[in-house]
Amino acid sequence: MCECDDDWLSLKPVQPLSSQCCGSGCIPCVFDVYQNELARWEEAKARNDKDFLCKKQDKIKDCNTTLIDSETFNPFKLCHIERVTDDTCLYRFDLPRGRSLGLTVGQHIVLRGIVNDMEIHRAYTPVNPVNAEEYFEVLIKCYTDGLMSKYVKSWKVSDTFFWRGPFGGFPYEPNKYGQLLMLAAGTGIAPMLPIVQHITDNEDDETFVTLVGCFRNFTSIYMKPLLQDQSLFWNVTIFYALSKEESLDDLPWSYRERTHLGRINCGFLRHVMDSCRRKPFVLICGSLTFNKDMADCLKSLAVQNESCFIF
């Protein structure tokens with residue numbers, strides 16, 4: 001390894017841009033990774049550590065033995081795109097034979113995108129069961145003016161995209177809570193799906209699940225077939241709150257009794273909680289406004305903070 005200043009400068013970590021933080025509270029954040037790498041670089045440079053480059057190369061090799069890493073973006077090939085609604089698709093990525101990402105329920109991963117020569121990062125929660133092998137799937141809604149949406153709209157099957165993680169997650173244990181009440185708005189349903197499937201896949205898990213999915217209308221409900229299949233289990237109940245749907249008569253009969261027209265409110269939430277078999281532990285995932293509204297409603301219904309988890 002060369003000792004000249006130019007060689008050391010070439011190894012110096014590059015400070016991330018603000019657009020490279022996904023804003024999801026990842027640990028480590030890209031800025032944490034940068035600060036740690038910078039400290040290691042400065043220490044090695046001060047010691048004139050000739051093994052520094054070798055250590056970095058060994059770390060890269062170690063990362064390559066795992067499918068995904070919290071500090072390094074790794075490539076994954078897109079193998080299938082399924083349109084779910086007008087503005088949302090399910091994207092499936094290949095994994096090696098017999099391998100899985102190794103996530104726990106509700107964990108998210110971070111996508112790196114390049115738009116107009118600017119690097120941006122966004123967090124998404126895989127919706128597949130955590131034990132799924134040879135693939136993972138993410139549900140992505142594309143917005144008209146979204147930077148990452150512009151990037152995602154350009155995707156083609158067989159192209160390669162870069163992810164890092166996992167981060168976050170809900171520390172679920174079978175039979176720990178007795179009853180889960182899930183409140184999800186739009187793509188906020190993503191972390192709920194692996195948890196529900198984790199419960200129904202385990203014959204020894206007798207946790208009751210009540211899921212409330214909040215969408216604009218019937219056509220905007222994500223993952224209908226999966227939700228319908230899960231609702232057939234003895235311990236799973238699914239309700240819908242459709243903010244823009246005008247009449248229950250326009251819905252298939254199997255949805256009518258479980259659908260609330262309008263935004264979810266404290267009255268409807270009380271009705272849902274009364275239908276729970278046991279005192280629920282509440283999971284919330286949606287926009288910042290939705291999360292705050294749900295937390296306020298639950299507080300008015302005397303649900304304590306320690307009985308809630310917000311993704």
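**Rings, charges and a binding site**

Let's start with a charge: the charged end of Lys224 sits over the ring of Phe218, 4.7 Å from its centre. Here, "over a ring" asks that NZ of Lys or CZ of Arg be within 6 Å of the ring centre and within 35 degrees of the ring normal. Arg258 places its charged end over the ring of Tyr255 likewise, 5.5 Å from the centre.

Keep in mind that this is a predicted model, where local features need pLDDT of at least 70, side-chain atom pairs count only at pLDDT 80 or more, and totals for chains, interfaces and linings use all residues. Residues are numbered from 1 along each chain as its sequence is written, and side-chain values use heavy atoms, leaving out hydrogens and water.

The whole structure holds 23 aromatic pairs (rings of Phe, Tyr and Trp, the last by its six-membered ring, with centres within 6.5 Å; planes under 30 degrees apart are stacked, over 60 edge-to-face, the rest tilted). Phe93 and Phe161 have ring centres 6.4 Å apart and planes at 90 degrees, so they are edge-to-face. Phe93 is buried at 0% relative accessible area, and Phe161 is buried at 5% (buried means under 20%, exposed over 50%, partly exposed in between, with a 1.4 Å probe and protein chains only). Both belong to a cluster linked by ring pairs, whose members include Tyr124 and Trp163.

Finally, UniProt's unreviewed entry gives a "binding site" whose positions include Arg122 and Ser149; such annotations use the numbering here, have shortened feature names and may be inferred rather than shown by experiment. Arg122 is partly exposed at 30%, while Ser149 is buried at 6%.
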